[in-house]
Amino acid sequence: MKKQIRLNLIFHTSGRHDAGWKTFDDPTTLVDDVDHQIAYAKLAEEAKFDAIFLPDTPAVLSKSFLRKPRRGLDPAVLLSAIARETTHLGLISTASSLYGHPYFVARSIASLHHVSKGRAGWNIVTSQDDETLEALGLPAGSQLDRDTRYERAAEFVEIVTGLWDSLPTSAITADRENDIYIDPSLAHPVDAQGKHFSSHGVMQMTGRYEGQRPVLFQAGISPHSRKFGSKYADALFTSQPNLEHDRKFYAEVKGYAEKYGRNPDHLLVLPGLYAVVGDTVEQARKAKAEIDEMMDMGFLLNLLSRQIGIPVEELDPHKPLPVELFETIPTDDEVIQYRRNDIGGVAQAHGFTVKQLVHHNLTRGQRTVFGTPEQIADTIEEWADTGVGDGFNVNAHVQPAGVERFKDVITELHNRGRYRSEYEYSTFRENYGLPLR
Ligand SMILES: Cc1cc2nc3c(=O)[nH]c(=O)nc-3n(C[C@H](O)[C@H](O)[C@H](O)COP(=O)(O)O)c2cc1C
């Protein structure tokens, strides 16, 4: 059997494209309309995606929320509603491993796991944006350094998985004669006294469904994150600036998995993919360009101006990027220097005008592919066979149209023996080909 490719759908509110919401007749309900989200999840299941992945962050309104809708519903609550309207789709919730107590995450994800009958996933994140600190009442600038962040995250994950395993189904003896429902001698109480988190005892529910834990995902980029994810996760989400970095990331984390005594095939690597399907490449490009035009050019120019430290008056949408100004307007800011290199390189390599450049940047470094279903399937197969990823997290540029078109890519992959035509199993872990731990 050929290597099977894994595909998750990233569950945006209106699509990956920042102007995707402008294609909706009534976009005012997008942040909290459950029916819209359930319909979208059903579409993902019809297309036979492995799972939907709900990115999330606890936060108060920040500037980015003011320009496009971000899903407001709590991911575990929303996924529980979706669970009862779907049958096979994996359901990946996101929860921080830095804030709050691990007990609450253990119980919430375990509950989703049971409500969905074995289809829950937890995306372990370690972000600490300003809007999160504000929402949680933490002082501005109180971001933790990487060592502390990942030390805290490791304690968090160990408590969550410990709680999941603390009450095995075999301990629920329901022994009528001896008047015992749970036999505590068969339970595995957690006894964690960490530097950051502690927990003691047995969780009041089983964390496994038919002996299987929820699937663990981890999202990150830094060297710390790679080691942490390779140790704890079943699958890694990543976003790398180019294919060379993707391949390096892939080889590195598979190596770490081995070092941690794991079978590297049991650590899936899933980079993001921004796919625009059309009848031809030109038509796919045109479809994106039409939505690009819905963006406010003044906003995009100001954003670029801040990113590269060049006054906005110097940026003419119809002319090439004035890279000569990088020398006449020098900067000590390392981030700006990096972006000048990166964005300037892209502009020159493609011969973009400023307008084309800011529209290109809307995909934010996601691996972007335009083409027919056959062409996109070719690319996915090639990348899966050359150490870029074991599969991909697919972004539809607009919802739901982008997913309807992507169904043809999935059919094409199925015809080539690289993807299912029907779900083989009922649990997420089994459908993902992971060990049944
Ligand atoms: C592909 C990808 C998806 C992510 N998704 C989320 C998310 O949904 N919510 C969140 O708070 N952080 C998310 N993050 C942020 C990571 O959890 C992490 O905090 C961030 O990458 C910084 O950590 P690092 O510098 O150690 O890589 C994501 C990161 C990546 C690379």
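Author: Begin with the definition of the elements: helices (H or I, at least four residues) and strands (E, at least two) are DSSP runs, numbered from the N terminus. In this protein, that gives 16 helices and eleven strands. This is a predicted model, in which local features need pLDDT of at least 70 and side-chain atom pairs count only at pLDDT 80 or more, while totals for chains, interfaces and linings use all residues. Residues are numbered from 1 along each chain as its sequence is written.

Reader: What radius of gyration would a compact globule of 437 residues have, and what does the protein have?

Author: The radius of gyration is taken over C-alpha atoms, and the globule rule is 2.2 Å times the number of residues to the power 0.38. For 437 residues the rule gives a value near 22 Å; the protein has 23 Å, which agrees. Along its principal axes, the C-alpha trace spans about 85 × 50 × 45 Å.

Reader: Which domains does the domain assignment give?

Author: Domain bounds come from an automatic or database domain assignment. Here that assignment gives domain 1 (6-278 + 372-431) and domain 2 (283-362). Their C-alpha centres lie 33 Å apart. For the interface, count two residues as in contact if their C-beta atoms, placed from the backbone, lie within 7 Å. Eleven residues of domain 1 are in contact with eight residues of domain 2. For classes, Ala, Val, Leu, Ile, Met, Phe, Trp, Tyr, Cys and Pro count as nonpolar, Asp, Glu, Lys and Arg as charged, and the others, Gly among them, as polar. The side of domain 1 that touches domain 2 has four nonpolar, five polar and two charged residues.

Reader: How many of the contacts in the protein with a separation of 6 or more come from residues 24 or more positions apart?

Author: Such residues account for 76% of those contacts.

Reader: What share of the residues counts as buried?

Author: A residue is buried if 20 or more other C-beta atoms lie within 10 Å of its own, exposed if 12 or fewer, and partly exposed in between, with C-beta atoms placed from the backbone. Of the 437 residues, 41% count as buried.

Reader: How many residues does the largest nonpolar core have?

Author: In soluble globular proteins, nonpolar side chains tend to be buried together. A nonpolar core is a set of buried Ala, Val, Leu, Ile, Met, Phe, Trp, Tyr and Cys residues joined through C-beta atoms within 7 Å. The largest one has 92 residues, and those with the most contacts inside it include Leu91, Phe217 and Val394. Domain 1 and domain 2 each give at least three residues to this core. A second, separate core has eleven residues, among them Leu304, Leu321, Ile343 and Val358. Leucine 91 touches, among others, Ile52, Leu79, Ile82 and Leu112, leaving out residues up to four places away in sequence.

Reader: Which residues of the shell are closest to the ligand?

Author: A residue is near a molecule if its C-beta atom, placed from the backbone, lies within 6 Å of it. In this model 17 residues surround the ligand, the closest being Pro55, Val125, Ala219, Gly220 and Ser222. The elements that give two or more residues to this shell are α7 (223-232) and β8 (235-238). By class, the shell has five nonpolar, eleven polar and one charged residues. Within α7, the buried residues are Ser225, Phe228, Gly229, Ser230 and Tyr232. Their cover includes α6, β7 (215-219), β8 and α8 (243-259).

Reader: Where does the backbone have a positive phi or a cis peptide bond?

Author: Most residues other than glycine have a negative phi, and most peptide bonds are trans. Lysine 48, not a glycine, has a positive phi of about 75°. It lies in the loop between α1 (34-46) and β2 (51-53). Glutamate 210 has a phi near 45° and sits in the loop between β6 (198-201) and β7. A cis peptide bond joins glutamine 399 and proline 400, with omega about -5°. Proline 400 is in the loop between β11 (391-396) and α15 (401-415).

Reader: Is lysine 48 buried or exposed, and is glutamate 210 buried or exposed?

Author: Lysine 48 is buried because 20 other C-beta atoms lie within 10 Å. Glutamate 210 is exposed because the count there is 12.
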